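Subject: Structure handover

Hello,

Here is the structure for your files. My notes on what turned up follow below.

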Amino acid sequence: MAGGAGVKKLPLEGIRVADLTMMWAGPFATRILAEMGAEVIKIESPRAWDNIRTLIPQPGIEEPWNSSFYFNDYNRDKKSLTLDLAQPLGKATFLKLVAKCDVVIENYRADVLDNLGLGYEVLKSAKPDIILVSMAGYGKTGPERDQVGFGPIIEQMSGLASLTGYGDDGVPMKTGLSYGDPVAGMAAASAVALALIKRRKTAEGTFIDLGQREVMSTMIGESFVAASLRGEEPVHRGNRDARFFAQGVYRCAGEEQWVAITLRDEGDWLDLCAVLPVSDDLDGVPAAERADEIDRRIAACSAQAQPDDIVYALMGGPGIPASRVLNSVDIHNEAHLNERGFWVELPHPRMPVWKQPRSAWQLREAQPAPRRHAPLFGEHNDEILRGVVGLSDAEIADLARAEVTSSAPVNPGVG
């Protein structure tokens, strides 16, 4: 972590990324690249911008596309270039930019980039060693390649939903967020790092076909093994785990206060009963009902206690795994994360200041942290078109007149 005499340099400094991604999975990937020092240029069409810009907008805001909490969380530390790739002039300008980039990353439907005339071979003609990451929901090949894949759908199609839920009613449950999105984003960022290492060794670019559905499926490998080797059907265990004697999440005193407890074996159960007012006598309780009975006894006890008191009794004495369940408010005030500097505040010209998480990767040589709010729509058009692409003032004016570029969405709506 902090300290050491290494070079205070972020690992991707000097790398330029053309970011065509939208929504969550792709922008999460490129946010990681930006945190690691890459210059990430987020490219949006004036007619088809990132829908996250206007998802759950602040009420009464003049420019809702510049003041979305979602957008600003996923897109900080990036620059904004508006460019309509469907227009020939926009496509030609994009290829001039690609010639100055190291990576292009997109999460369109599988056929979109090719339909725009910007497939991998075209990008290679502009930059022979370009790295292209395509994050189509179902990948670039196969019978489902043309389907649109959003996080909740990916979760259902990956197999994860067959494991989430309670009891034997057979009803799968969504995890509560689009879990496949950030997982795919981290996989894409890792793929870029590997491709950059390969390019450094071989001077060759790479095309990475990263199907988000397949990435999500890798997260349940243990269940795939059980199904393929032992023919086991998925079981909805709720908060329980087949490996442990008992396990659950129990309501405590106070509003929405909970504690999570894992009893690894019968010894843990007896130790819990020795430090909490819970009866350890399970004689006469059928094995099939044991976990339910243990849950009832612990829940009756925890309902009268504060979660911290239960955690202290279990962890401080017999060492039984236990923890408070923190909600999204509690976690912002949690002492451990605050002491580690996990929460940061970034000023924003259109929004109030709010706490955001810093990078999860803290390096000995450098500690990545958010440096700048997410870009306003088209905020860096002139900087990029003039300074990176090398266009003249007249050429930039031509782009604006044709609405290939813009500083505001054309016919904006709310997503």
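What percentage of the 415 residues of the protein chain count as buried? The figure is 46%. Buried means under 20% relative accessible area, exposed means over 50%, and partly exposed lies in between (1.4 Å probe, protein chains only).

Some ground rules before the details. This is a predicted model, where local features need pLDDT of at least 70, side-chain atom pairs count only at pLDDT 80 or more, and totals for chains, interfaces and linings use all residues. Residues are numbered from 1 along each chain as its sequence is written, and side-chain values use heavy atoms, with hydrogens and water left out.

**Overall picture**

The protein chain has 15 helices and 11 strands. Helices (H or I, at least four residues) and strands (E, at least two) are DSSP runs, numbered from the N terminus. The C-alpha trace spans about 85 × 50 × 45 Å along its principal axes. The chain exposes about 20,200 Å², and carbon and sulfur atoms supply 55% of that. Accessible areas come from the Shrake-Rupley method with a 1.4 Å probe; for residues, only the protein chains shown count as cover.

Now the contacts, meaning heavy atoms within 4.5 Å. Take those in the protein chain with a separation of 6 or more: residues 24 or more positions apart account for 70% of them.

**Helix α12**

Helix α12 covers residues 307–316. Its buried residues are Pro307, Ile310, Val311 and Leu314. Seen down the helix axis, they fall within an arc of 100°, so they line one face of α12. The arc is that of the directions from the helix axis to the C-beta atoms. As background, an α-helix has 3.6 residues a turn, so residues three or four places apart point the same way.

The face turned away from the buried side of α12 carries the exposed residues Asp309, Tyr312 and Gly316. What covers the buried residues? The cover includes β8 (258–263), α10 (266–275), α11 (290–302) and β9 (322–324).

**Salt bridges**

The whole structure holds 31 salt bridges. The criterion is a side-chain nitrogen of Lys or Arg within 4 Å of a carboxyl oxygen of Asp or Glu.

- Glutamate 35 pairs with arginine 76, with the closest N and O atoms 2.7 Å apart. The pair links distant parts of the chain, 41 residues apart. Glutamate 35 is in helix α1 (residues 25–35), while arginine 76 is in the loop between α2 (69–74) and β3 (79–82). Both residues are buried.
- Aspartate 111 pairs with arginine 109, and here the closest N and O atoms are 2.8 Å apart. Aspartate 111 is buried at 17% relative accessible area. Arginine 109 is partly exposed at 35%.
- Lysine 127 meets aspartate 129 at 3.5 Å, N to O. Lysine 127 counts as buried, with 17% relative accessibility.

There is also a network: salt bridges that share partners join Arg16, Glu39, Lys79 and Glu383.

**Aromatic rings**

There are 5 aromatic pairs in the structure. Rings of Phe, Tyr and Trp (its six-membered ring) pair if their centres lie within 6.5 Å; planes under 30 degrees apart count as stacked, over 60 as edge-to-face and the rest as tilted.

Tyrosine 70 and tyrosine 74 have ring centres 5.9 Å apart and planes at 35°, so this pair is tilted. They are 4 residues apart in helix α2, about one helical turn. Is tyrosine 74 buried or exposed? Tyrosine 74 is buried, at 6% relative accessibility. Tyrosine 70 is partly exposed, at 36%. Ring pairs link Trp24, Tyr70 and Tyr74 into a cluster.

Phenylalanine 342 and tryptophan 343 form an edge-to-face pair, 5.0 Å centre to centre with 75° between the planes. Both are buried.

**Isoleucine 331**

Isoleucine 331 is in the loop between β9 and α13 (335–339). Isoleucine 331 is partly exposed, at 29% relative accessibility. Not counting residues up to four places away in sequence, isoleucine 331 touches Leu326, Leu337 and Trp343. The C-alpha atoms of isoleucine 331 and tryptophan 343 are separated by 9.9 Å, and the two are 12 residues apart along the chain.

Best regards
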